[in-house]
Amino acid sequence: MPEASPAVITAVATAVMFALILLRIPIGLALGLAGFFGYGWLDGWGRATTMLTAVPAELISGAYSFSVIPMFILMGAAAAHSGLSAELFNIAKAVARPGARGTLATATIGACGLFGAICGSSVATAATMGRIAVPEMRQAGYSAEFATGAVAAGGTLGILIPPSVILVIYALLAEQSVPVLFAAAMLPGFAMAMMCIMVAKLYVLVRPEAGPPSRIVYARGERWRIVLRAWKVFAIFLLSIGGLYAGWFSPTEAAAIGAAMTILVGVFDRRLGTKEILASIQETTIVSASLFFIFLGALMYGRFIALTRIPYDLTQWVASLGLSAQMVALAIVGIYLLLGCFLESVSMVLITVPVFLPLLQSMGYDAVWFGILLVVAVEMGLVTPPVGMNLFVIRAQNKDVSLPRIAFGALPFLSAQVVMILILVYWPRFTSLLPDLMGMATAR
Amino acid sequence: MQFRLWLTQALERLCHVIAAAFLLVALIGTVLDVCLRKTIDLPIRGIIDVVGFCIVVSTMLGIALAWSARAHIVVDLIDMTGSPRLLAFLDVLTRVAGIVTMPLLMWLGYREFSDVYDFGDRTSDLGIPLAWFWLAILVGYGLSAVLLLIAPPARAVRDA
């Protein structure tokens with residue numbers, strides 16, 4: 001191979017990686033190949049081979065820590081198969097003001113937030129809630145754009161409200177504490193849910209015909225009876241996530257307890273049979289394996305990036321520009337929005353964290369704050385075309401609504417995410433309020 | 001073709017059963033450990049090693065299954081504009097990339113497996129030989145290659 005500077009080799013390897021990804025090569029393989037060739041070009045093929053050989057050793061040495069990922073995925077899969085989402089939707093409808101315009105949309109967002117408390121995946125949240133909420137909203141006369149857009153936006157709450165699979169992946173990658181990250185995500189998650197509900201309310205103010213008033217009538221005391229049925233979800237959340245903060249469980253144990261509780265609740269409610277449990281486990285096996293495959297590829301790519309010293313050079317270069325920390329943070333969010341147009345969330349996190357985290361830490365931001373900013377930025381990618389995964393999921397369930405119409409419906413909800421980004425950038429303490437209150441240290 | 005299909009389905013079923021069993025063992029083991037520890041202060045010794053091993057086995061078999069189910073995460077932007085022939089070509093390209101890479105990784109992993117086997121490396125709590133972990137990795141890579149070789153082509157290839 002011809003001699004070249006690390007910057008040129010990085011540019012070529014990254015271009016090859018994106019080309020492979022666009023050619024439909026699995027992302028994990030594309031990352032691994034680009035990392036291997038980049039490493040080989042820079043430091044010799046012998047060392048690159050040694051590095052590639054040692055990558056699975058990381059899976060072995062961290063296997064117990066990694067087990068938190070399949071456990072949380074199983075918790076979400078079991079919740080999705082057990083039909084808890086339908087109950088949550090009924091509960092959210094009972095809480096929302098009956099008779100007002102857009103009630104079903106706000107109930108959908110609320111139900112997505114509740115479902116996010118037992119499911120750590122946005123796509124699973126959107127898919128599960130979409131199946132129940134969209135047909136009901138459309139039957140009630142909601143416009144297709146508003147109905148699908150509300151589910152797409154509500155679905156994104158799944159990765160912000162703990163437990164969040166993507167935050168766990170980030171924690172493993174950035175060597176941060178999972179409980180601290182979950183605590184840091186709680187306030188932004190709640191605030192995001194509230195802002196999405198506000199957007200839905202504003203939507204029907206501007207376009208009243210999009211969300212006609214609901215005709216649901218409750219008998220006296222019925223609303224409360226329905227709301228009280230939410231105890232199961234709260235019990236699962238309180239025992240698994242609460243137990244994590246009470247110091248009873250490690251993150252893996254909390255996830256396992258949550259998964260077991262979700263399965264047990266499903267079995268006792270006669271919603272989960274052997275068939276559904278097996279389907280949840282099979283789904284978990286494949287989803288977590290495909291995430292781990294990307295993780296292994298990203299490890300190889302990360303080692304190559306570390307060898308190039310690009311993160312260090314980038315930090316030096318940005319420092320020489322004299323930009324404010326906020327400007328740099330906003331520029332990074334801009335890069336995430338661009339990447340979100342053609343990469344899915346986990347890959348985005350795995351590719352960029354080794355580069356951006358040192359840069360932001362050098363500017364005074366902490367790693368926990370960056371984790372939350374990252375998730376909100378990634379959320380935006382989930383509802384922006386052309387690779388908005390939530391849009392695809394909803395499109396698959398509603399074949400008569402085109403992708404651009406769903407994206408158009410989700411567009412107003414992006415404003416909530418933009419506001420959250422601005423809050424996080426200009427008031428970073430927002431993420432450390434709850435961890436500080438709980439006496440947790442957020443390390444720089 | 002019939003035999004290939006039968007073999008693919010049989011291998012997939014076997015992988016699913018084993019991967020699910022190991023995942024369940026990890027789940028039940030973790031929950032049992034917590035319950036015993038919290039109620040009668042009797043933790044299960046070496047549960048971390050057991051759960052770790054189960055996750056490695058389940059993950060590696062899952063990687064093979066994801067290859068055959070075409071469930072590895074890809075960016076399918078090109079599907080919107082690409083012709084069936086192009087999509088068929090890309091499907092073949094992915095399979096070839098997997099068929100070349102997986103045995104190569106298996107061969108590289110075999111060297112590591114031999115090393116840990118010769119040195120007799122073990123986990124710290126239960127003393128599970130690390131060679132077992134590496135064996136699971138080799139089996140996962142090997143099964144990925146086999147499933148990629150024998151699995152029927154994607155619909156796009158058949159249509160083209």
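Before starting, I noted the cut-offs for accessibility: under 20% relative accessible area is buried, over 50% is exposed, and anything in between is partly exposed.

Entry one, confidence. I am working with a predicted model. The predictor gives the complex an ipTM of 0.94 and a pTM of 0.87. For chain B I found an average pLDDT of 90, with 95% of the residues scoring at least 70.

Entry two, loops of chain B. Arg70(B) has a positive phi, near 50°, and sits in the loop between H2 and helix H3 (84-119) of chain B. Its relative accessibility is 37%, so I count Arg70(B) as partly exposed. Asp41(B) also has a positive phi near 50°; I found Asp41(B) in the loop between helix H1 (2-40) and helix H2 (47-68) of chain B. Asp41(B) is exposed, because its relative accessibility is 61%.

I found a cis bond joining Pro162(A) and Pro163(A), with omega about 0°. Pro163(A) lies in the loop between helix H9 (144-155) and helix H10 (165-174) of chain A.

How do helix H2 (27-43) and helix H15 (274-308) of chain A cross? Their axes come within 7 Å and cross at roughly 25°, so I call H2(A) and H15(A) roughly parallel. The crossing of H2(A) and H15(A) is left-handed. The residues that meet include Gly32(A), Gly35(A) and Tyr39(A) from H2(A), and Gly297(A), Tyr301(A) and Phe304(A) from H15(A). I noted 14 nonpolar, 6 polar and 2 charged residues in this contact of H2(A) with H15(A).

Notes. Residues are numbered from 1 along each chain as its sequence is written. Chains are lettered from A and ligands numbered from 1 in the order in which they are written. This is a predicted model: local features need pLDDT of at least 70, side-chain atom pairs count only at pLDDT 80 or more; totals for chains, interfaces and linings use all residues. Side-chain values use heavy atoms; hydrogens and water are left out. pLDDT is the predictor's confidence in each residue, from 0 to 100. Axes are lines fitted to C-alpha atoms, for helices over the stretch in contact, and angles run from 0 to 180 degrees between N-to-C directions. Helices (H or I, at least four residues) and strands (E, at least two) are DSSP runs, numbered from the N terminus. Angles under 35 degrees count as roughly parallel, over 145 as roughly antiparallel, 65 to 115 as roughly perpendicular and the rest as oblique. A crossing is left-handed if the near helix is turned anticlockwise from the far one by less than a right angle, and right-handed if clockwise. Contact means heavy atoms within 4.5 Å. Ala, Val, Leu, Ile, Met, Phe, Trp, Tyr, Cys and Pro count as nonpolar, Asp, Glu, Lys and Arg as charged, and the others, Gly among them, as polar. Buried means under 20% relative accessible area, exposed over 50%, partly exposed in between (1.4 Å probe, protein chains only).
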